Structures are given as C-alpha cells and as structure tokens.
Amino acid sequence: MKLCITCVGKTLDSSVDPRFGRCGNFIFFDTDTGVFTAVENGNAQFPGGAGIQSAQAVIAQGAKAVFTGNIGPNAHRVLSAGGIEVFIGVAGTVQEAIEGYKNGRYTAAERPSVGEKSGMSAG
Amino acid sequence: MIIAIASGKGGTGKTTVAVNLALSLDNVQFLDCDVEEPNAHIFLKSHLSRAESAVIPVPEIDESKCTYCGTCRDVCAYHALAVVPASEGRKGSVLNFPHLCHGCGACRLLCPNGAIREVNKEIGRIEFGARDGMEFIHGRLNIGEAMSPPVIRQVKYYIKPARIVIIDAPPGTSCPVITAVKGSDFCILVTEPTPFGLNDLVLAVEVVRKLNIPCGVVINRADIGDGKVEAYCRSESIPVLMKIPFKREIAAWYSEGIPLVERDAAYRQTFINLYITICGIINETNSCC
C-alpha cells in the first residue's frame, strides 16, 4: 500500500511538514517494497486552491493514506471523495510517521482540522 | 465624462472628495464601487428605490454525461474543480468549489462531453437610488464572498458617460481598484502628507499610469505630516489639484454624515474649480495625443 507523508525535505529522516496543501514535498512510501519517492509540491505558492490541487496529486499517485499535521476543508473533501484516509497531528520524521502507522498509533481524521488558507501564514 | 476617485491608502478621504465633488456639480451619476464597504449613501442620503442581484456564473455538472476525464479541472486557473476518477468499485466524482470560481466559463466551453452548464450564483447586491437630480448606484459584496470585481463590473454596466460620472473606488492597488478605475477619463488620487500616504500614493500612480489614465492629487489633512508628498508630485509632474485642511469641524461633520459643502458653502466653489481644472487637463491630454 502506498502512503503519502507531507515533508519539509526529501528524505525519510527529514521532518513531517505540518501543512498539507502548502507542504514542501510529498513522500510516497510503498509499504510492500519499502521504496519511496519524493515529489516537490508545485502547489505550495498558489494564492488559492493549493489543498485541492495537492489532494489531486495524491490521488494521481495512487496513495491510500495521507500523514500530515493539519488538513483544511477543501483538501479533506477531495481526499475523502478519493477514498483516501487522512491522519493528522503527525510530527517527527517521516520514518517515525511510517513506524507509527505500522504500530497503529494514528486514527484517521473524520473532518478537517483547520480552516481554509491556514497553511499560508506558516509558509 | 468619467472621473474616478482612488487612493493607495485607505481612509485618506476618497468618499469625502467624491461626495462633495458630486454635490457641487449638476447632471451627476454617482457610482460607489467600494463594494466591500460602500458608504457614500450615508453622506448623500440618497433614497435607494431598487435592487438587483450581483451574480457570477459558476459550473453545474451533469454527472450522467461526465466521464471524469479531468479536462474541467485542468483548464480551471483558479483550482475551483477537482475530479476523482472511478476506481475499485467506487464511482467517480467531480467536486465543485464555487467560492474559488471566477466565472470565466472555460470549464463549460472545454468540457468534451457537454456535461457542464453555468448557473448564476449571487455574490452581492446592486442598489439604485437618487438624490435630487443625481443618479446613485452602489454595489454591496455579500459577507463571506472574496471577489469584488464582478460586483464592481455590474455597477459599471450602468454607466452613462453623457453625464458626469463620479466613481468612488475601493482603496489599494489590486484587482478591485483596477476594475473600478479602468475606462475613466481622469483619476483623482486622494492622499495625506504622511509617509504612509506617500508610499501608497506612489503605488497608485504606477497603477493609473499603466492604465493610461491622467491623474492629479488631492491632499487631505494637508497641514499635518511633511512636504514629501508635494515634493514627489513636483518631481513626477503630477498636479496637486486641491488641499483640504486638517480641521476638527470637518472631522465632526464627517462623523455625523454631513458633507463639507452642506456646512461650508465656500467649498462648493472649491470643488467646482477642481472639476474645471480636471476638464482642462483632460482637454490638454486629448489634444496632445
């Protein structure tokens, strides 16, 4: 299964980015093979709709779960429509997030955790 | 003739200048295009007799015709549409975010399956009124809506250029201001002689120059601050058309919603002179181009 972790850097030891739509990079990690790819988030600078576009990118990559700090209402709606589980409040390194998932530490978020444009001030 | 009153900085006195100029002239059509906070009607005490919806067209998707190809999403410059293709027994879906839509119509035009039609979404109100011989129109953006230019355009749809059209523009230098000021014969930039006033005046001058609109400056609260606004106007050959002093009674009248010219009749002539000066500048501009 493919996981998506929002990330400040492009390696497994870099920190989870607390923003979803405006995160620095997405790390897609395949739990079956242990192989990962880092994709730069080209939507981070959009004046509007960054969360929607980022959710579309996650769907296009075929990920089934997203790990991030917070998620806004628009991105949450798109990910839900795509049947993707969203885990929020994730911090630490990407590696720790993956291990946390394997140990069942997280529960999926039923609703968005922040309002629209929340990722803009942090950017 | 269309005269817009704008300013980079907010709270410099745009509405004061617009209202008093309008009250000093005959055959005026007044358009309050500061649709996020229209307030000229408070001073003009215009009787509002009619209203209509201000709308933008937003997409409505007929999912029976949609193949979830994603074209609408890809052509939307404002990310107002998301498309989730069908997979693993889950049916596809198109998600519509109308508050991000600018109403450009690209999705409807380019949908290969004709699955999109446009429906009007109300984002504000246009209100019409009058005071003596003056025609009055203003727009009012609904609370929670982010886009004022469509409301401003709908106000300006009713422009009657045969009259003296006075446009009270919103503050700033972004899309709403450009929408309000565009197409004017002249733009009065109201400022105050402070560092903030100067900084934002410089930005506003850049905007009107880009739009090829001749401009002049009115300095409000003229005896505070410093001489840098005037020095800037001199160096850029921008005429200083008028100065309004910093006086307690002007502020007091304003707070009661009383226009300057109604309390101090001498100002009426000052505003008529402002209009005559502007006509002179417009004629000069036209003859030299």
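1. Starting with the A/B contact: 7 residue pairs, both members at pLDDT 80 or more, are in polar contact between chain A and chain B. Polar contact here is a pair of N or O atoms within 3.5 Å; within protein, one must be able to donate a hydrogen and the other to accept it, and residues adjacent in sequence count only if both atoms are side-chain atoms. On the chain A side, the elements that give two or more residues to the contact with chain B are helix 1 (50-61) and helix 2 (73-81). Helices (H or I, at least four residues) and strands (E, at least two) are DSSP runs, numbered from the N terminus. The salt bridge count between the chains is 0, a salt bridge being a side-chain nitrogen of Lys or Arg within 4 Å of a carboxyl oxygen of Asp or Glu.

2. A word on conventions: this is a predicted model, where local features need pLDDT of at least 70, side-chain atom pairs count only at pLDDT 80 or more, and totals for chains, interfaces and linings use all residues. Residues are numbered from 1 along each chain as its sequence is written, chains are lettered from A and ligands numbered from 1 in the order in which they are written, and side-chain values use heavy atoms, with hydrogens and water left out.

3. How much do the chains bury? About 1200 Å² between chain A and chain B, with 57% of it on carbon and sulfur atoms; this is the accessible area (1.4 Å probe) that two parts lose on being put together, summed over both. In chain A, A:Gln56, A:Arg77 and A:Ala81 lose the most area to chain B, together 38% of what that side buries. Chain A brings 15 residues to the contact and chain B brings 16 residues, contact meaning heavy atoms within 4.5 Å.

4. Now the chain B sheet. It is open and mixed, with 9 strands in the order 3-6-7-2-8-1-9-10-11; strands pair if DSSP finds at least two bridges between them. Strand 3 (47-61) and strand 11 (240-244) are the edges, each pairing on one side only. Strand 9 (residues 186-191) and strand 10 (residues 215-220) of chain B run parallel over 5 bridges, with B:Leu189 partnered to B:Val217.

5. Strand 8 (residues 164-168) of chain B is worth a look: 5 of its 5 residues are buried, so it is largely enclosed by the rest of the structure. Buried means under 20% relative accessible area, exposed over 50%, partly exposed in between (1.4 Å probe, protein chains only). B:Ile164, B:Ile166 and B:Asp168 sit on one side, B:Val165 and B:Ile167 on the other, and both faces are covered. Strand 8 of chain B pairs in the parallel sense with strand 1 (residues 2-6) over 4 bridges, and likewise in the parallel sense with strand 2 (residues 28-32) over 5 bridges. Bridge partners are B:Ala4 with B:Ile167 and B:Val28 with B:Ile164.

6. In chain A, check A:Asn25 in strand 2 (residues 25-30). This residue counts as buried at 5% relative accessibility. A polar atom of the A:Asn25 side chain lies 3.1 Å from the backbone oxygen of A:Val8, and one lies 3.1 Å from that of A:Gly9.

7. A:Val66, in strand 4 (residues 65-67) of chain A, is buried with a relative accessible area of 0%. Not counting residues up to four places away in sequence, A:Val66 touches residues including A:Cys4, A:Phe20 and A:Leu79.
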